[in-house]
Amino acid sequence: MGRLAVLVSGRGSNLQALIDAIDTGSLDAEIVIVISDRPGALGLSRAEKAGIPVQVVAWEGEGRREAYFEKIASILRAANVDLVILAGFMRLLSANLVRAFPQQIINIHPSLLPAFPGLRAQRQALEYGVKVAGCTVHFVDEGLDSGPIIVQKAVPIYDHDTEETLSERILTKEHEALPEAVALVLSKQWQIRGRRVTCES
Ligand code: GRF
């Protein structure tokens, strides 16, 4: 059974999707720790309700960036985790943290990468005028939303869409994509060739 750490900054609905997938038996894993950079994050109460240990590591400013992520790395090591999941964690990890957990950190992003990395991806998609949007779960590398892609799911964009309606449609797919990607990564039935994540048959 995989030992998971989930990092959140806010609402935590993707964390909830993982908790639910574990509860219903569709994901064979245990969330051993939830870490947040924000004390009031709703994700923390979701974790507590599910009996998962939480830790708040409050952001101390850009000047303390390396020390901040070193602190996170020690928590992750102490919890002996197999996989780290960024589920709405709104900070770019330090290169040292990424290197300390090679191919063990994944992120969920609300666009079909490589389109629209960064903040407010749904709004970027609407403003660009694309007709298809979606979400991506990918391995985290040292760049911004740039690592090898594990799972993607697409949704249509309609003429009447607003940032809110599109975000909601994408979010429903995120909640399917994340547990699916976690199960795949934990299965170890994958390889990375170049940028391509492929499954062994
Ligand atoms: C999601 O849209 C995720 O893709 C993005 O931040 C949002 C987090 O939502 N990285 P939640 O906190 O999981 O509800």
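Me: Where is Asn80 found, and what is its phi?
Reply: Most residues other than glycine have a negative phi, and most peptide bonds are trans. Asn80 is found in the loop between α3 and β4. Its phi is near 55 degrees, a positive value in a residue other than glycine. Helices (H or I, at least four residues) and strands (E, at least two) are DSSP runs, numbered from the N terminus. This is a predicted model: local features need pLDDT of at least 70, side-chain atom pairs count only at pLDDT 80 or more, and totals for chains, interfaces and linings use all residues. Residues are numbered from 1 along each chain as its sequence is written, and side-chain values use heavy atoms, with hydrogens and water left out.

Me: Is Asn80 buried or exposed?
Reply: Buried means under 20% relative accessible area, exposed over 50%, partly exposed in between (1.4 Å probe, protein chains only). Asn80 has a relative accessible area of 52%, so it is exposed. Asp145 also has a positive phi, about 55 degrees, although it is not a glycine. Asp145 sits in the loop between β6 (132-139) and β7 (149-156). With a relative accessible area of 15%, Asp145 is buried.

Me: Which residues does the cis peptide bond join?
Reply: Leu113 and Pro114, with omega about 15 degrees. Pro114 lies in the loop between β5 and α5 (121-128).

Me: Which strands pair with β4?
Reply: Two strands pair if DSSP finds at least two bridges between them. Four bridges join β4 to strand β1 (residues 2-8), and the two run parallel. Ala5 stands opposite Val84 in β4. Three bridges link β4 to strand β5 (residues 105-109), again in the parallel sense. There, Ile85 stands opposite Ile106 in β5.

Me: What covers the faces of strand β4 (residues 83-86), in terms of burial?
Reply: Both faces are covered. Leu83 and Ile85 on one side, and Val84 and Leu86 on the other, are all buried.

Me: How is the pair of Trp59 and Phe69 described?
Reply: A pair of aromatic rings is described by the distance of the centres and the angle of the planes. Rings of Phe, Tyr and Trp (its six-membered ring) pair if their centres lie within 6.5 Å; planes under 30 degrees apart count as stacked, over 60 as edge-to-face and the rest as tilted. For Trp59 and Phe69 the centres are 6.1 Å apart and the planes at 55 degrees, so the pair is tilted. Trp59 is partly exposed, at 21%; Phe69 is buried, at 1%.

Me: Which residues form the aromatic cluster?
Reply: Trp59, Tyr68 and Phe69.
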